[in-house]
Amino acid sequence: MTADLRNYSVRTDLALESREMASPDLAASIPGVQEHVEEDRGVKITRIHVQTEEGSRAIGRMPGRYITIEVPGLRRKDSDLQDRVATSFAQLFASFLEEIGIKSSAKVLIVGLGNWNVTPDSLGPLVVENVLVTRHYFEIMPDQVSPGYREVSAVAPGVLGVTGIESSDIVQGIVDRIRPDLIIAIDALASKALERVNTTVQIADIGIHPGSGIGNKRRGLTREILGVPCIAIGVPTVCYASTIVNNAFEMMREHFKQETNQTRQILGILEDINEQDRLLLVKEVLEPLGHDLIVTPKEVDEFMEDMANIIASGLNAALHEAVDSSNVSAYTH
């Protein structure tokens, strides 16, 4: 019997990591995938545009635009750096809206996906708490709304296990009632690299699937389903234990190669096993412990507040011209 390895691939929600796995040589181009990387004072921005079906199959991502912001220094809780990241995010998001043809007058619905009772999954609800909502002013006193603000509403629909209702069904009802021109969905993601957990933000114009970060894919929030353009904003907050073990093995192997020429004698048959087979082996070992574990840093509560504030303040500046996008504070309280 041959094992089906499709369920034992490295799990990641980041297009950047999918691209890295598709071609370890980052200098080599992938047909149908356009990539641009820039870095400034500890903030690395990678733009990936999956233009064709060939490119989509090559990296396993839907055709669309993806922007990834990586800031390893966020772990140091540097307030000045957080402000710079919020400013960078605001400017990137504003230009992203222009690229996909969203007008400054477009009505926006912000959807904070996730479970506010589970810290690594609370990003969406935390962002909703801190975004500037204005729809009620436009409804009640439209003549008193100052220039430079657009109509923004926000909702945190909860999760299926709490409400008994799919998030997409709740959002569909809201969309049918208030008819926004754009949906911005925010959710927690999974990464294959611990260093990217709580230090990375991904923006994508393909929408989002609630629960995808933990391998629980259900009816999503996409243009095809809701009839409205959907932008996804995600932050990786978890990593699979099997992925961590696999990464640790790679680090050990590279260390032994630098220190000794006896790597094969030390690692034995593991030296010859490919990544997919190694993941299968790790998962079989973890199975008796209760399947694969999902891991998050012990300081996750502080990280979540910081990342939520960065995204919320960045969105406020990007969506409302009256908010200065060139000098954004990541602290909204």
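This is a predicted model: local features need pLDDT of at least 70, side-chain atom pairs count only at pLDDT 80 or more; totals for chains, interfaces and linings use all residues.

Reply: Residues are numbered from 1 along each chain as its sequence is written, and side-chain values use heavy atoms, with hydrogens and water left out.

Me: Why is Arg41 called exposed?

Reply: Arg41 has a relative accessibility of 59%. Exposed means over 50% relative accessible area, buried under 20%, and partly exposed in between (1.4 Å probe, protein chains only). Arg41 therefore counts as exposed. Arg41 lies in the loop between β1 (33–40) and β2 (43–50), where helices (H or I, at least four residues) and strands (E, at least two) are DSSP runs numbered from the N terminus. Arg41 also has a positive phi of about 50° although it is not a glycine.

Me: What makes Arg41 and Asp40 a salt bridge?

Reply: The criterion is a side-chain nitrogen of Lys or Arg within 4 Å of a carboxyl oxygen of Asp or Glu. For Arg41 and Asp40 the N to O distance is 3.8 Å, so the pair meets the criterion. Asp40, at 44% relative accessibility, counts as partly exposed. A search of the whole structure finds 12 salt bridges.

Me: What makes Arg65 and Asp205 a pair that links distant parts of the chain?

Reply: Arg65 is in strand β3 and Asp205 in the loop between β7 and α8 (223–226), 140 residues apart. Their side chains meet in a salt bridge of 3.9 Å, N to O. Arg65 counts as partly exposed at 28%, and Asp205 is partly exposed at 22%.

Me: How do you know that β3 and β7 pair?

Reply: Two strands pair if DSSP finds at least two bridges between them. Strand β3 (residues 64–70) and β7 have 5 bridges, in the antiparallel sense, so they pair. Tyr66 stands opposite Ala204 in β7. With strand β8 (residues 230–240), β7 has 3 bridges, again antiparallel, and Ala204 stands opposite Ala232 in β8.

Me: What makes β7 mostly covered?

Reply: In β7 (residues 200–204), 5 of its 5 residues are buried. Thr200, Gln202 and Ala204 are on one side, and Val201 and Ile203 on the other. In a regular strand the side chains alternate between the two faces of the sheet.

Me: What makes a set of residues a nonpolar core?

Reply: A nonpolar core is a set of buried Ala, Val, Leu, Ile, Met, Phe, Trp, Tyr and Cys residues joined through side-chain atoms within 4.5 Å. The largest has 44 residues, of which Phe93, Ile184 and Leu315 touch the most other members. Its largest share, 11 residues, comes from helix α12 (residues 300–319).

Me: How do you know that the span of α12 is close to the expected one?

Reply: The expected span is 1.5 Å times one less than the number of residues. With 20 residues, α12 has an expected 28 Å and reaches 28 Å from its first C-alpha to its last.
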